[in-house]
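Welcome! Open your viewer, bring up the model, and let us walk through it one selection at a time.

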Amino acid sequence: MKLEEMKMKELFDMSHTIAERIFDNHAYPWEVLPEIGDFIRSLGPLLPENEYRKIGKDIWIHKTAKVAPTIMMTGPMIICAGANVRHNAFLRGNVIIGEKAVVGNSCELKNALLFDEVQVPHFNYVGDSILGYKAHMGAGAVTSNVKSDKSLVKVHAEDGDVTTGFKKFGAILGDCVEVGCNSVLNPGTVIGKNSVVYPLSSVRGCVAANSIYKNQENVIVKENRDAEAEAVKAEAEEPAPKPKRTRAKKSTAAL
């Protein structure tokens, strides 16, 4: 995956987030991670009072959002229309939860931007990360946002590494990315839109759009896989050749 493929326009449909303006004047999405908190504080007071209610310090929740009474949350934070935040979610601040997004039981979010209709429904940790429109993390899938040696996180692109300057940086998921159950997205992971990560994967580096990630040595382009499947299907459906009919020779033996 090249750096050009990691720009916002390649990863996200910006019409599916309340935070579109945060990406202005930035080339790559991880550059906005330090700005999420201040952006929420500036946007929150401008939200329509007939649609959002302000709770505590710098927390705005849309009146149609479903928020379980058993969650723990601190601001700044915005929870958008139709979002569903379930039992025992732990929201640690600097969090934007998009329209109709789902944050499930025992999930933890910190310094995270979730586009509309994102689903992190069971036992997920999302820290210092951005999840694009309709991205989905299976049960137990997590972002790892700090390297074991505590060094600064790099993004490993095909055309060279980028030092982000961040000690904490989890993952960037493009629109419609599917992450399988119990997978770990290592620090600085970037996954292009429409890609699928197999369950139990440890993803390190970058995954191009429209890919199927099985492991680091086995990443399949979806179009190739689909073409192969169609070829196999066509071969299976091809009618078997009809057996040749042969005439029986007349016997010349005497009766």
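A salt bridge here is a side-chain nitrogen of Lys or Arg within 4 Å of a carboxyl oxygen of Asp or Glu. You are looking at a predicted model, where local features need pLDDT of at least 70 and side-chain atom pairs count only at pLDDT 80 or more, while totals for chains, interfaces and linings use all residues. Residues are numbered from 1 along each chain as its sequence is written, and side-chain values use heavy atoms, with hydrogens and water left out.

**Stop one: a helix with a charged pair**

Select D38 and R41. Their side chains form a salt bridge, with 3.2 Å from N to O. Both residues belong to helix α2 (residues 36–43), where they sit three residues apart, about one turn of the helix. Helices (H or I, at least four residues) and strands (E, at least two) are DSSP runs, numbered from the N terminus. D38 counts as exposed because its relative accessible area is 53%, and R41 is partly exposed at 40%. For these words, buried means under 20% relative accessible area, exposed over 50%, and partly exposed in between (1.4 Å probe, protein chains only).

**Stop two: a pair across the chain**

Next, pick R92 and E108. What joins R92 with E108? A salt bridge does, its closest N and O atoms being 2.8 Å apart. This pair links distant parts of the chain: R92 is in the loop between β7 (90–91) and β8 (95–97), and E108 is in strand β10 (residues 108–114), 16 residues apart. R92 is partly exposed at 37% relative accessibility, and E108 is partly exposed too, at 23%.

**Stop three: near the start of the numbering**

Select K7 and E4, another salt bridge, with the closest N and O atoms 3.4 Å apart. K7 is partly exposed, with a relative accessible area of 25%, and E4 is partly exposed at 43%. How many salt bridges does the rule give? The count comes to five.

**Stop four: a buried aspartate**

Go to D128, in strand β12 (residues 125–131). Is D128 buried or exposed? D128 is buried, because its relative accessible area is 5%.

**Stop five: far in sequence**

Select F115 and S15. They are 100 residues apart in sequence and 9.4 Å apart in space, C-alpha to C-alpha. F115 lies in the loop between β10 and β11 (119–122) and is buried, with a relative accessible area of 0%.

Finish with G98 and T17, which are 81 residues apart in sequence and 6.2 Å apart in space, C-alpha to C-alpha. You will find G98 in the loop between β8 and β9 (102–105). G98 is buried, with a relative accessible area of 3%.
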